Amino acid sequence: MATKVLMIGRWMQDWAGWLAQQMERPIDVKVTSTFLEEDACPLLPDAEIVITSHWTMAMGQAAKRLRFIHLPGAGWDKLDPKAIPNGVLVANCYEHERGIAEWVIMMCLAHSRKLLEADRTIRQANWRLFPALGHPAYPELGGRTIGIIGLGRIGREVAKLSAAFDLRRIGVDVIPVSKEVQQSLGLDWVGTPNDLAKLLGESDFVVISVPYIEQTKNLLGERELRQLKPTAYLINPARAEIINERALYEALRDRVFAGAALDPWWHYPKTDECVAPSRFPFAELDNVIMTPHTSGSTAQTFERRMKVVAANINRFFRGEPVVNVV
C-alpha cells in the first residue's frame, strides 16, 4: 500500500513526480498550491509524511496519521512547535549556502557601483553618475572589510567567495571557530558576540547569517545600527526579525549608515495577493535594495534540497537515522 505524502507549496508541484521516482517504496503524492490552511487541512488526515515550510495548529489537529515532517529548507521558524503531534519526526535541509553567498557578493557590488541608481538615471538621460562629469570614481571591493555575523554554512561560504574579491574578512559567532577554520577562510579575526560592536565599527559590509531563534530576535537594534560606519552597508539574507524593524527603517531613512540589501521580510503572501513586506515604507528609500526572499532560490539549491529530502525519506522507510533532525 502506498504511503501518503503531502507536499505543501506551489513550487512543490514541479517535484512531486520526481520524488515518487526516487522512492524505495510506493508513495501517493498530493500537492497544495498555497500554504493556506483551507488548502492543506483537507488533505492532512491521511498524510503520513508532509513536506512543508509552514505548520500551524489547525494543520496539526488535522493530521491524524502523521509520522514525519520534512522541511524543504533550513529555517523552521514558520513551524509552530506546539502544533506538531507527539512522536512526529522533524528534519530540515540546507544546500542554499552557495546561492546566498553569490547574492551577498552581488549586493556588495551593486551598492558599491550604485547599480540600480545608475540604471535608473541613465534611462532618464541623466548623466550625473558619470565620473567624467564630476561624479567620484567608484570603489572596488578589494581591500574593504566584510563583517560576517554567524560563521555557519552560509557565513563560511560568504567568506570563501569574498576571498576572490580580496575583501578583508572578519566574523563573530557564538560557537568557537578553530584556528584551522579561521585560516582556511582567510578571516583576519574571529570574535564572540561580545565583539559585535567591534565588527560593526570596522566593516564596510555587514552580513547577517545567523538563524532566527529567540536569542537572535532584534539582535541589531537602534544602538547596534548606530555602531555601523556612515559608509557601511548592511546585507541581510537571513531573517527579517533579526533586525528591529522600526530601528532599521529609521536608521536608513536618516542615513545613519549608507544603505542596506534586504531579502527576508516581516510580512509574506500565502497566495498571489499583494502584501506589503513591512509596516514601514522601505520602498520609498533610495538606499535600499529589496528582493523578495530570493537569495537562496537557485535551481541548484532546489535540486540539492530535494535530493536530501528524498534520501531522508528512504532512510525513514528503512528505519535508519535521518540527517538534519530538528
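**Charged pairs and the sheet**

Guide: Arg 318 is partly exposed, its relative accessible area being 41%, where buried means under 20%, exposed over 50% and partly exposed in between, with a 1.4 Å probe and protein chains only. This is a predicted model, in which local features need pLDDT of at least 70 and side-chain atom pairs count only at pLDDT 80 or more, while totals for chains, interfaces and linings use all residues. Residues are numbered from 1 along each chain as its sequence is written, and side-chain values use heavy atoms, with hydrogens and water left out.

Visitor: Which side chain meets that of Arg 318 in a salt bridge at 2.5 Å, N to O?

Guide: Side chains of opposite charge can pair when their charged atoms come close. A salt bridge here is a side-chain nitrogen of Lys or Arg within 4 Å of a carboxyl oxygen of Asp or Glu, and the partner at 2.5 Å is Glu 24. Arg 318 belongs to helix α11 and Glu 24 to the loop between α1 (16-22) and β2, so the pair ties together parts 294 residues apart in sequence; helices (H or I, at least four residues) and strands (E, at least two) are DSSP runs, numbered from the N terminus. Arg 318 also forms a salt bridge with Glu 320, with 3.1 Å between the closest N and O atoms.

Visitor: In what order do the strands of the open sheet run?

Guide: Two strands pair if DSSP finds at least two bridges between them, and here five strands, with parallel pairing, follow the order β2-β1-β3-β4-β5. The edge strands, each pairing on one side only, are β2 (27-32) and β5 (89-91), and the twist from one strand to the next averages 15 degrees. Three bridges join β3 to the parallel strand β4 (residues 68-70), with Val 50 opposite Ile 69.

Visitor: Is Thr 52 buried or exposed?

Guide: Thr 52, in the loop between β3 (49-51) and α3 (57-62), is buried, with a relative accessible area of 0%. Beyond its neighbours within four places in sequence, Thr 52 is in contact (heavy atoms within 4.5 Å) with residues including Ile 8, Ile 69 and Leu 79. A polar atom of the Thr 52 side chain also lies 2.7 Å from the backbone oxygen of His 54.

Key. Polar contact = N/O pair within 3.5 Å; in protein donor to acceptor, adjacent residues only side chain to side chain. Axes fitted to C-alpha atoms, helices over the stretch in contact; angles between N-to-C directions.
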